[in-house]
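Here is a short tour for anyone who likes geometry with their coordinates.

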Amino acid sequence: MNNPPRILIVDDNETNRDILMTRLQSHGYELAQAADGEQALAAAKSLLPDLILLDVMMPKLDGIEVCRRLKSDPAMPFTPIILVTAKSDSKDVVAGLNAGADEYLTKPIDQAALVARVKSVLRIKELHDEVQAQAAELANWNRSLEQRVTEQLAEIERIGRLRRYLAPQIADLVLSSGDEHVLETRRREITVVFCDLRGFTAFTETAEPEEVTKIMGEYHACICPLIHQFEGTLERFTGDGAMVMFNAPLPCPDPSSRAVRMAIRMREGIAELGSRWRKYGYELGFGVGIAQGYATLGQIGFEGRFDYTAMGTVVNLAARLCSEARSGQILVDRKVHAAIEALADLEAAGELTLKGLQRPISAFNVRALREQAN
């Protein structure tokens, strides 16, 4: 105990109280007195003593009744009580202990026995208080732990949600800043890339499911690291197709340049895979469509499943250019052409009439990066 133990001495005889006070005060205890049972109850509630020395034979309320009431009080169920009385019959001792007393001393009081009993009971009280404090501390720690676990689970869910469609660099940036406002609906000029395998539908009609799974695994292992390397945002996979956005959700410099560089690296990687696939009789090519324009960006979905996407003509245009691209072609629109003409060697692919678009679109095929751009 940090403070001196508080002892309440209850006896209707002033001389007896003085004797107990004299015998205990030299031990450094904080002592208080009460002259009858009612005073004892009031003093106990106000002082919350560490120990009560309680006479049995008192007016108004005897010690047995006081003991019962104190032990039934929720604020003091563990306050130790030593009954100090001239009643020494065994039935009186049993009655006192049954009322909740922790010790029973008979008068005249032996000083050594009194001091020993007081020290013993106070040690037990101190241990009890330590256990109670540790239990309270443990309860607080558990509540804190539960809160941290809840927060960490929410953070894990948030991380998982972001990493579903953001490049790791972008996801880490959003997470480190703690700001998901970048995912709110907004309008911005972006570059959209669609790519897929040529001949894939015919391949799946004749190939075994295990073969299809193996090819898809190699295909994704080729293009996904490149999406992350060039800091694109993977909007979705659709079978062998993929949609990737640049300049969304976070702005990036030269989005069309990044998109074209990524597409060329993808084409090179798929070409290497294609030569190995042909050894097994798989004739699979690769086509890409890239467009630049304004789109509405934001999250769509429902509670528990949200995706970050773009909506607008630029998305449809990139998808249609991809559909028109032959194996090995990277078709871009006029805006992308203007953004990368110093970077890449391009050739005109003519005016294309694309499904869902009212006017013909000028398209260009990206042959290769210029030597100074490599």
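Helices (H or I, at least four residues) and strands (E, at least two) are DSSP runs, numbered from the N terminus. This is a predicted model, in which local features need pLDDT of at least 70, side-chain atom pairs count only at pLDDT 80 or more, and totals for chains, interfaces and linings use all residues. Residues are numbered from 1 along each chain as its sequence is written, and side-chain values use heavy atoms, with hydrogens and water left out.

**Aromatic rings**

Rings of Phe, Tyr and Trp (its six-membered ring) pair if their centres lie within 6.5 Å; planes under 30 degrees apart count as stacked, over 60 as edge-to-face and the rest as tilted. By this rule there are four aromatic pairs, and two of them are set out here.

| Pair | Centre distance | Plane angle | Class |
|---|---|---|---|
| Phe-200 and Phe-203 | 6.1 Å | 45° | tilted |
| Phe-203 and Tyr-282 | 5.0 Å | 65° | edge-to-face |

Ring pairs join Phe-200, Phe-203, Tyr-280 and Tyr-282 into a cluster.

Are Phe-200 and Phe-203 buried or exposed? Both are buried, where buried means under 20% relative accessible area, exposed over 50% and partly exposed in between (1.4 Å probe, protein chains only). The relative accessible area is 7% for Phe-203 and 14% for Tyr-282, which is buried too.

**Two helices side by side**

The axes of helix H8 (residues 209-229) and helix H9 (residues 255-278) come within 10 Å and cross at roughly 160°. H8 is therefore roughly antiparallel to H9. Axes are lines fitted to C-alpha atoms, for helices over the stretch in contact, with angles from 0 to 180 degrees between N-to-C directions; angles over 145 count as roughly antiparallel, under 35 as roughly parallel, 65 to 115 as roughly perpendicular and the rest as oblique.

**A loop residue**

Thr-79 sits in the loop between helix H3 (63-72) and strand S4 (81-85). Its relative accessibility is 8%, so Thr-79 counts as buried. Leaving aside residues up to four places away in sequence, Thr-79 touches Pro-49, Ile-52, Lys-71, Asp-102 and Lys-125, with contact meaning heavy atoms within 4.5 Å.
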